[in-house]
Amino acid sequence: MPKTPVPEAIPLPEVMIVPSRLLSAGTTEKLLNKIRRVKHVRQLTVSGEDLPAGISWGPGKGLKVDHDERRKIDYGGQEVELKVQVGRVFAEIDDIDSVKKALKEIEAICEEMLPFGFQLEVGRYSKYRPTVTDYKKRMR
Amino acid sequence: MAYQRQFYPGASLPAKNRRRFMDPSVKLDKLREVAMEDVVKILGHRQPGEEYRSIHPPLEEGTEPDCPIRQLVTPIPGAKAGDRIRYVQFTDSVYFAPIIPYVRAWMNVSRFRGVDTGTLSGRQIIEMRERDLEKCAKELIENETFDPARTGIRGATVHGHACRLDENGLMFDAWQRYRWNAKKGEVEYVKDQVAIPLDKPISVGKPLSESELKKRTTMFRVDGVDMRDDKEVMNVNLRIHRLRTLAGYQPFAMKE
């Protein structure tokens, strides 16, 4: 997060995709690259289960985990390191009047990519203006 | 009339399975074969073939003080030899793993001698003398209480029991102790229970199908068998809850 986050004038809507299974890095890569091409998708955020690079405690402390799903993926020609096993994808839509159309396209992509099932929801799931905590942390 | 031991109330499928798991006279189905050497490797407490380390002299040496309890209780082999106490810990997915931690605890104290169990929401640890633990762990990995995909052998960082399964149907493990072998259609352990890499993968077999898991489950779930549909289970649970709420640790003091 930048030190001085720029607030959005109006909170933009997000489409939340919740697959019924945790996604592999391969599926995540394909899914993100398809959704990013949907018109009016402004940015994509993913969340999921943390995949640590190494073991930080216990008898195996210091060893590498080497999880198959923690790897670099190609996102629109850009290399991004995936550090989570993806459980949710948030697509921010830049125009509130285009949400329905974008949602339809995203649903079609999910039907093709996620045969094990998924849920879609529209809302706002991340903060769009600084909170009290941000003030406390002197980020604003 | 002599008292007949009871295990669990209810007529629903999970209730019947709970009774089966807890009743030591029932022989549980053996679903897979894992060599003792491989079990020892997964536990990671000693190398296969290595001597058991001891924490006290063998009981045969007679250095123990005279005690009526010692005369009453027959020691298990590990205690006789003076073995260390070691552990194995299982994580059970909420997605219809064959057994759940609490039932594991009930089953262990009912079926095994010399066992100490600790139960948490998603995992269950067993502490035992080392040589007895190995036998017990082998039995628990080979029998129907274990499913390669929905049960994990995890000594530390057990997180995953309440996470969604991955695309291959495996329970999430941040340390990836086991992997899906797509060619064989089997789950393989590539690390021991504390995630120290093994020299070669150990197969624990094919995961059970969803329908088979639902047949064997001890789990009450709204998308399976709802606990509220089993009147006897509900009555017993409500009775325990009522006695605990109104009488605390003195349920016998309640006049019903």
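**A close look**

Reply: Let's start with the contact between the chains, which takes 21 residues from chain A and 13 residues from chain B; two residues count as in contact if their C-beta atoms, placed from the backbone, lie within 7 Å. This is a predicted model, where local features need pLDDT of at least 70, side-chain atom pairs count only at pLDDT 80 or more, and totals for chains, interfaces and linings use all residues. Residues are numbered from 1 along each chain as its sequence is written, while chains are lettered from A and ligands numbered from 1 in the order in which they are written.

Now the sheet. It is open, with three strands of chain B in the order E5-E6-E7 and antiparallel pairing. Strands here are DSSP runs (E, at least two residues), numbered from the N terminus, and two of them pair if DSSP finds at least two bridges between them. E5 (178–181) and E7 (197–203) of chain B each have a single partner strand, so they are the edges, and one side of each has no neighbour in the sheet. On average, neighbouring strands are turned by 25 degrees against each other, direction ignored; the axes are lines fitted to C-alpha atoms, and angles run from 0 to 180 degrees between N-to-C directions.

Strand E6 (residues 186–191) of chain B is joined to E7(B) by three bridges, and the two run antiparallel. B:Tyr189 has B:Ile202 in E7(B) as its bridge partner.

Elsewhere in chain B, helices H1 (residues 13–22) and H5 (residues 101–111) pack at about 30 degrees, axes 8 Å apart; helices are DSSP runs too (H or I, at least four residues).
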